[in-house]
Amino acid sequence: MKFWLALTLTMSVLTAGCGFQLRGQADIPYTSLYVDGNPGSPVVSNLQRIISAGGHKDRLAKSSDTAERTIQIMSDTSNKIILSLSGAGRVREYQLQYRVKYRLLAPKGAEILRPTQIVLSRDMSYNDTLALAKADEEQLLYRDMQNDAAQQILRRIALLH
């Protein structure tokens, strides 16, 4: 019992001493942001949700005219690439890719951050007998990448200030 307590205490001290901390939400340095992009795009809705979260609903501007900065989502695309095949020619593994191209604009369209692209990918095994479950897994992985892309965009913007 004392060994485990000492081990836990030692690990806690070492972890705290190395400067490790969980990555939290990006601290957005602007008073208002507008997200310009296709309203049906998952990355647009994720950005809007994250910006207005934490009691900062007024931080999400209604238009680019009233915003201190505008995040313009220029494109977002999903791809599915075959990574490997079985001996019978059936797919065994896919790579899912999600690409987002965006830029940051000041009022009146002045470009602060030139067009930047984020590319995320996840590998997924595949089995024909589990097609329905694998389709659900694929959707879950795409949602995870879309949320990750929105977080990365906000972290990169936070570093500009």
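Arginine 69 lies in strand β2, which covers residues 69-85; helices (H or I, at least four residues) and strands (E, at least two) are DSSP runs, numbered from the N terminus. The model is predicted: local features need pLDDT of at least 70, side-chain atom pairs count only at pLDDT 80 or more, and totals for chains, interfaces and linings use all residues. Residues are numbered from 1 along each chain as its sequence is written, and side-chain values use heavy atoms, with hydrogens and water left out.

Arginine 69 is buried, that is, under 20% relative accessible area with a 1.4 Å probe and protein chains only. Arginine 69 has no salt bridge, defined as a side-chain nitrogen of Lys or Arg within 4 Å of a carboxyl oxygen of Asp or Glu. The nearest side chain of opposite charge, glutamate 68, is 4.8 Å away. Leaving out residues up to four places away in sequence, arginine 69 touches Leu33, Tyr34, Leu104 and Leu105, among others, where contact means heavy atoms within 4.5 Å.

Leucine 33 is also the bridge partner of arginine 69. Strand β1 (residues 33-36) runs parallel to β2, joined by four bridges; two strands pair if DSSP finds at least two bridges between them. On β3 (residues 91-105), β2 pairs in the antiparallel sense over 14 bridges, with serine 78 opposite tyrosine 98. Five residues separate β2 and β3 in a hairpin, and glycine 89 in the turn has a positive phi of about 85 degrees. Twelve bridges join β3 to β4, again antiparallel.

Together these strands make an open sheet in the order β1-β2-β3-β4, with mixed pairing. β1 and β4 (111-125) are at the edges with a single partner strand each, so one side of each has no neighbour in the sheet. On average, neighbouring strands are turned by 25 degrees against each other, direction ignored. Axes are lines fitted to C-alpha atoms, for helices over the stretch in contact, and angles run from 0 to 180 degrees between N-to-C directions.

Helix α2 (residues 42-52) packs on the sheet, touching β1, β2 and β3, at about 130 degrees to β2. Helix α3 (residues 131-160) lies across β2, β3 and β4, at about 150 degrees to β4.

The largest nonpolar core has 30 residues, and Ile73 and Ile153 are among those with the most contacts inside it. Such a core is a set of buried Ala, Val, Leu, Ile, Met, Phe, Trp, Tyr and Cys residues joined through side-chain atoms within 4.5 Å. α3 gives the most, with eight residues.

Terms used
Buried means under 20% relative accessible area, exposed over 50%, partly exposed in between (1.4 Å probe, protein chains only). Lys and Arg count as positive and Asp and Glu as negative; His and the chain ends are not counted.
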